[in-house]
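Please open the structure in a viewer and keep the selection tool at hand. The tour below moves from one stop to the next and states what is found at each.

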Amino acid sequence: MSNHDLAVMVLAAGKGTRLKSNLAKVLHRAGGRTLVEHIVRSCGPLKARETVVVVGHQAEQVAAVVEPLGATTVLQQPQNGTGHAVLVAKRPLGRAKFALVLPGDAPLVRTETMKALIAAHRNGNAAATILSAVVADPSGYGRIVRKSETAVSAIVEESQLTDEQREINEINSAIYCFTLENLWPALAQVKPNNKHRELYLTDAIAVMSGKGETVLAQVAADSREVLGCNTRADLAEVDRILREWKRNALMDAGVTMQLPETVLIDPDVTAGEDTVIEAGVQLLGKTKLGARCSVKTGSWVMESRLEDGVTIGPFARLRTGTQVKRGGRIGNFVETKNTIIGEGAKVPHLTYVGDAKIGAKTNVGAGTITCNYDGFQKHPTTIGKGVFIGSDSVLVAPVRIGDHAYVAAGSTITEYVPADSLGIGRGRQVNKPGWAAKKRRELAAAQHPQKSSRRSERKPRRKTRPRK
Ligand code: UD1
Ligand code: MG
């Protein structure tokens, strides 16, 4: 379906008072993205002629999120309500015939649902088509008042409900399709008749319906899609749902997950078939996992790339720019950053590697640390292939270790170790025969002077003990 006659309008100027935050509501994050980014991305496939985002609070920051996605912005200052926000965007909508209007705080709506709403609007020759939802708890939302099975007479906001209307459990999602030649005259008639003295877009519905124009409401198949984020609890709920959808998508693509509800995965993460993700794992940023990887419990991976057959964790921390080649292994309590681990190389325990390049089949012993930072600058560590780094070694960067070299355990390596050599950088061991035994005797003598005289002191004490 072509949408060259359709403009998309996202209302994102509000502060979000109920969140009690310094950050504008639409910049809050759920499911790994800001709310407004979710919405603008979901609108992308509609291929509308224009996507206009109405900005106000922290307008520059909101623009910085949506403009790279191809949207234009228009400033609403001050924010006099959702109806006012739509009026502000009148000129940028250009010559569109229809507008799909969405709030910036309801990020769960799917592209398919928007398409269905637009189709219903076109097919019904309507002035307005509202996406509604039937919910168990409608509190906080505007209610849909119907005059017949198909036609809507009004949307009534929570604060203006009669007792009878309060029972209605069909709510307004604040997602609508409008025919603009009907919307503009209706909005011109809306008055700020509410305690906030705002122009409500919802009031335009009663105006249109009153004129005998067709106003439809289409009920969303999944009512969760219309959840708006007005409170922190709403944000947590929306985050939970987005995370669940992401996990399900990966499982559909052939990934095994243990206790999936404990696993947190950002939207841009990809993973290949037969990869296994254990409980309590976090995969963040643009992380890419190959096929047959194993990410063990408690591991945290940010902006990293694991090739096929890589094993991570338990409890590994892979920071930005970690790359593990085919069959590589990072074990427990290992931290990596901006590091390439070669094919089949192992960093099995208790290690920090930063700004390093580790060759194929190299083994990095427990407790190895790359000292990559001198307080001013970061420096590289380059380790060749087939190298053995003994446990508890300190590699002071910049430093290089050649192919197939050995580093003796406990070394502090500050200079180049040539290929096939042994690098030892530690104090030579000295043994002092009998030293420990002599020390023990001296300590014992200092603690217990004249053991025999003490024994004789005990006797008179016993004699003087009173009898019952
Ligand atoms: C709105 C609807 C309500 C619906 C609910 C669904 C109105 C009057 N009410 O209520 O019927 O059930 O959404 O989530 O529309 N905004 C602006 N400029 C403004 C005011 C708001 O851009 O002057 C933006 C906000 O940033 C937000 C969106 O419009 O993204 C909706 O505003 P919000 O205050 O969240 O409206 P609700 O009270 O949720
Ligand atoms: Mg809202």
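**The largest pocket**

Begin with the largest pocket, which holds about 1200 Å³ of space. On a 1 Å grid over the protein atoms alone, a pocket is an open set of points where a 1.4 Å probe fits, with protein on both sides within 12 Å along at least five of seven lines, and lining residues have an atom within 4 Å of a point. Grid points are joined across faces, edges and corners, and a volume is the space filled by probe spheres set on the points.

The model is a predicted one, in which local features need pLDDT of at least 70 and side-chain atom pairs count only at pLDDT 80 or more, while totals for chains, interfaces and linings use all residues. Residues are numbered from 1 along each chain as its sequence is written, chains are lettered from A and ligands numbered from 1 in the order in which they are written, and side-chain values use heavy atoms, with hydrogens and water left out.

Select Arg 18, Lys 25, Thr 82, Glu 198 and Asn 230: of the 40 lining residues, these lie nearest the centre of the largest pocket. Strands S1 and S6 (98-103), helix H3 and strand S10 each give two or more residues to this lining; helices (H or I, at least four residues) and strands (E, at least two) are DSSP runs, numbered from the N terminus. S10 gives the most, with four residues. The lining divides into 14 nonpolar, 18 polar and eight charged residues, where Ala, Val, Leu, Ile, Met, Phe, Trp, Tyr, Cys and Pro count as nonpolar, Asp, Glu, Lys and Arg as charged, and the others, Gly among them, as polar.

**Ligand 1**

Which molecule takes up the space of the largest pocket? It is ligand 1; a molecule sits in a pocket if more than half of its atoms lie within 2 Å of its grid points. Display the 24 residues that surround ligand 1, of which Lys 25, Gln 76, Gly 81, Glu 157 and Asn 172 are the closest; a residue is near a molecule if one of its heavy atoms lies within 4 Å of it. Strand S1 (6-12), helix H3 (82-88) and strand S10 (170-179) each supply at least two residues of this shell.

Next, turn to the oxygen atoms of ligand 1. A backbone N or O atom of Asn 172 lies 2.6 Å from one, a polar side-chain atom of Lys 25 is 2.8 Å from one, and a backbone N or O atom of Ala 12 is 3.5 Å from one. The protein covers 90% of the 760 Å² of accessible area that ligand 1 has on its own, by the Shrake-Rupley method with a 1.4 Å probe.

**The second largest pocket**

Move to the second largest pocket, with a volume of about 370 Å³. Select Arg 33, His 38, Ser 42, Leu 242 and Trp 245, the closest to its centre among 18 lining residues. Helix H1 (35-43) and helix H7 (232-252) each give two or more residues to this lining, and H7 gives the most, with five.

**Backbone stops**

Most residues other than glycine have a negative phi, and most peptide bonds are trans. Select Gln 77 and Pro 78, which are joined by a cis peptide bond with omega of about -5 degrees. Pro 78 lies in the loop between strand S5 (72-75) and H3. Finish at Lys 47, a residue other than glycine whose phi is positive, near 55 degrees, in the loop between H1 and strand S4 (50-55).

Methods:
Polar contact = N/O pair within 3.5 Å; in protein donor to acceptor, adjacent residues only side chain to side chain.
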